[in-house]
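Biologist: I have the sequence and the model open next to each other. Can you take me through it, one topic at a time?

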Amino acid sequence: MPLEHSRNIAATAATSPGHILAVLRAEGPMTRQELQDRVGLSRVTMVERLDLLQRLDLLRPSGHRASSGGRPAEVLAANDLGRTALVADIGQTHATLAVVDLRGTILGQAEQPLPARHHPAETLPPLLELGRRLLAESGRADSLCAVGLSIPGQLDHERGTTIAPPTMPGWTGVPLREPFGDALNVPVVLENDANALAFGSYCAMGRPAAALVGVKVGTGIGAGVVISGRTHRGETGCAGEIGHIRIEGNEERCDCGRRGCVSALASGRAVIRRLRSSGVRSAADVLRRVRDGDAEAVATTADAGRLVGTVLATVVTIVNPRYVRVGGAIGVLPPFLEGLAEVVRAHAHTSALDGLSIEACALGENTTLAGLAGLVADEMLSPATVDAQARALAT
Ligand SMILES: [Zn+2]
């Protein structure tokens with residue numbers, strides 16, 4: 001149970017429908033009586049509140065529990081299955097789209113390869129069309145409540161625009177909410193892809209209270225931090241952008257234009273480049289060779305893992321998380337993960353290593369999409385959103 005979350009709810013002592021739903025989401029299913037005792041409301045008011053939540057299709061029955069009165073009492077749960085989101089993880093080489101419920105169950109999914117140095121004007125319209133097609137095929141278009149989008153770069157969350165993704169040059173200052181939000185007439189939730197990956201790992205683990213660092217190593221490299229159930233974006237939205245930290249003594253040119261970035265040696269793009277003379281042309285080639293035990297591919301991938309580990313050791317010492325979860329096409333490869341873990345364990349503060357778990361993301365390639373689904377759920381099932389809908393219903 002996310003302890004920080006429930007403590008915050010208790011501290012506000014709020015009793016609105018939205019807060020009742022938040023209690024059910026944070027603390028699990030309850031009977032009406034348990035909920036009444038927990039929130040501190042009269043029976044009549046609780047009945048009114050629950051009626052509003054039922055009419056919004058935000059409650060679902062979750063079995064019965066024996067009660068002292070004799071008749072078994074119905075147990076109620078927050079309904080995160082009835083509403084639908086379209087989520088899209090837009091990367092440098094491909095985009096993955098999925099139709100999900102607010103628990104993150106994937107109801108339809110598609111991948112779209114993207115040309116090198118693609119531009120939003122050419123990329124976004126076909127992705128929107130693909131999203132519409134997935135929604136229609138899933139039969140869930142009517143319950144669409146939001147879109148979630150991620151890109152590998154910083155975002156201006158106030159304006160809803162990209163800032164300047166170092167490896168996606170055509171994507172500077174691009175409004176991301178309008179293309180999908182206006183066309184589908186729903187709110188759009190934006191997140192950096194590594195933050196979404198970290199949040200997806202956090203959701204897949206049942207939303208633990210302890211801090212989690214997620215690392216995404218696909219074409220590029222990024223990291224995200226989840227503390228107390230929230231992605232930590234930092235003051236300018238660049239928290240976790242570890243890919244372009246300079247490694248002393250490295251003069252390799254990076255896609256961002258500078259020299260010596262960790263990405264220049266350890267990203268998927270760099271690993272492909274380092275294996276090019278052996279005929280490797282894509283991430284799929286790297287995966288295949290590592291799986292086949294090709295010595296050069298294994299060594300290069302482990303090397304990349306160790307290099308990311310040197311940066312991550314500092315992150316681990318500063319954040320002191322309980323969990324490090326590694327994802328992305330290259331990040332989940334065993335030699336990469338082993339190299340990374342080896343260096344983190346050798347370089348981070350001893351105390352920060354106490355109880356630290358370093359593993360691959362359990363959901364693999366779908367972790368970022370799960371994170372977007374979780375972020376949409378937190379936004380669309382938040383007390384403020386639910387209370388606004390309940391007020392609209394009551395008037
Ligand atoms: Zn760079």
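Biologist: Tyr202 first: is that residue buried or exposed?

Modeller: Tyr202 is buried, at a relative accessible area of 2%. Buried means under 20% relative accessible area, exposed means over 50%, and partly exposed is in between, with a 1.4 Å probe and protein chains only. Before we go on, this is a predicted model, in which local features need pLDDT of at least 70 and side-chain atom pairs count only at pLDDT 80 or more, while totals for chains, interfaces and linings use all residues. Residues are numbered from 1 along each chain as its sequence is written, and side-chain values use heavy atoms, with hydrogens and water left out.

Biologist: Which residue forms an aromatic pair with Tyr202?

Modeller: Phe199 does, and the pair is tilted, with 5.2 Å centre to centre and 45° between the planes. Rings of Phe, Tyr and Trp (its six-membered ring) pair if their centres lie within 6.5 Å; planes under 30 degrees apart are stacked, over 60 edge-to-face, and the rest tilted. A search of the whole structure finds one aromatic pair. Phe199 is also buried, at 1% relative accessible area.

Biologist: Where do Phe199 and Tyr202 lie?

Modeller: Both are in helix α7 (residues 193-204), three residues apart, which is about one turn of the helix. Helices (H or I, at least four residues) and strands (E, at least two) are DSSP runs, numbered from the N terminus. An α-helix has 3.6 residues a turn, so residues three or four places apart point the same way.

Biologist: How many disulfides are there?

Modeller: Zero, in a search of the whole structure. A disulfide is a pair of cysteine sulfur atoms within 2.5 Å.

Biologist: Changing topic. What does the domain assignment give?

Modeller: Domain 1 (3-79), domain 2 (84-193 + 369-380) and domain 3 (206-361). Those bounds come from an automatic or database domain assignment. The C-alpha centres of domain 1 and domain 3 are 42 Å apart.

Biologist: Which residues of α3 are buried?

Modeller: In helix α3 (residues 32-39), they are Leu35, Gln36 and Val39. Down the axis of α3, the buried residues fall within an arc of 100°, so they line one face of the helix. The arc is taken from the directions from the helix axis to the C-beta atoms.

Biologist: What do they pack against?

Modeller: α2 (17-27), β1 (30-31) and α4 (43-55). Contact means heavy atoms within 4.5 Å.

Biologist: Which members of the largest nonpolar core touch the most others?

Modeller: Of its 42 residues, those are Ile20, Leu21, Leu35, Leu50, Leu53 and Leu102. Helix α14 (residues 367-380) gives the most to this core, with seven residues. A nonpolar core is a set of buried Ala, Val, Leu, Ile, Met, Phe, Trp, Tyr and Cys residues joined through side-chain atoms within 4.5 Å. Apart from neighbours within four places in sequence, Leu53 contacts Pro17, Ile20, Leu21, Leu58, Leu59 and Val386. There is a second, separate core of 40 residues, which includes Val215, Ile272, Leu312 and Phe336.

Biologist: How about α10, which residues are buried there?

Modeller: Asp285, Val286 and Val290, in a helix that covers residues 283-291. Seen down the axis of α10, they fall within an arc of 125°, so they line one face of the helix. They pack against α9 (268-274), α11 (295-319) and α12 (334-347).

Biologist: Which strand holds Ile358?

Modeller: Ile358 is in β15 (residues 357-360), and is buried at 13% relative accessible area. Leaving out neighbours within four places in sequence, the contacts of Ile358 include Val324, Leu337 and Val344.

Biologist: Last one: what is the phi of Asp57?

Modeller: Positive, about 60°, although Asp57 is not a glycine. Asp57 sits in the loop between α4 and β2 (59-65) and is partly exposed, at 40% relative accessibility. Ser228, also not a glycine, has a positive phi near 50°. Ser228 is in the loop between β12 (221-227) and β13 (230-231).
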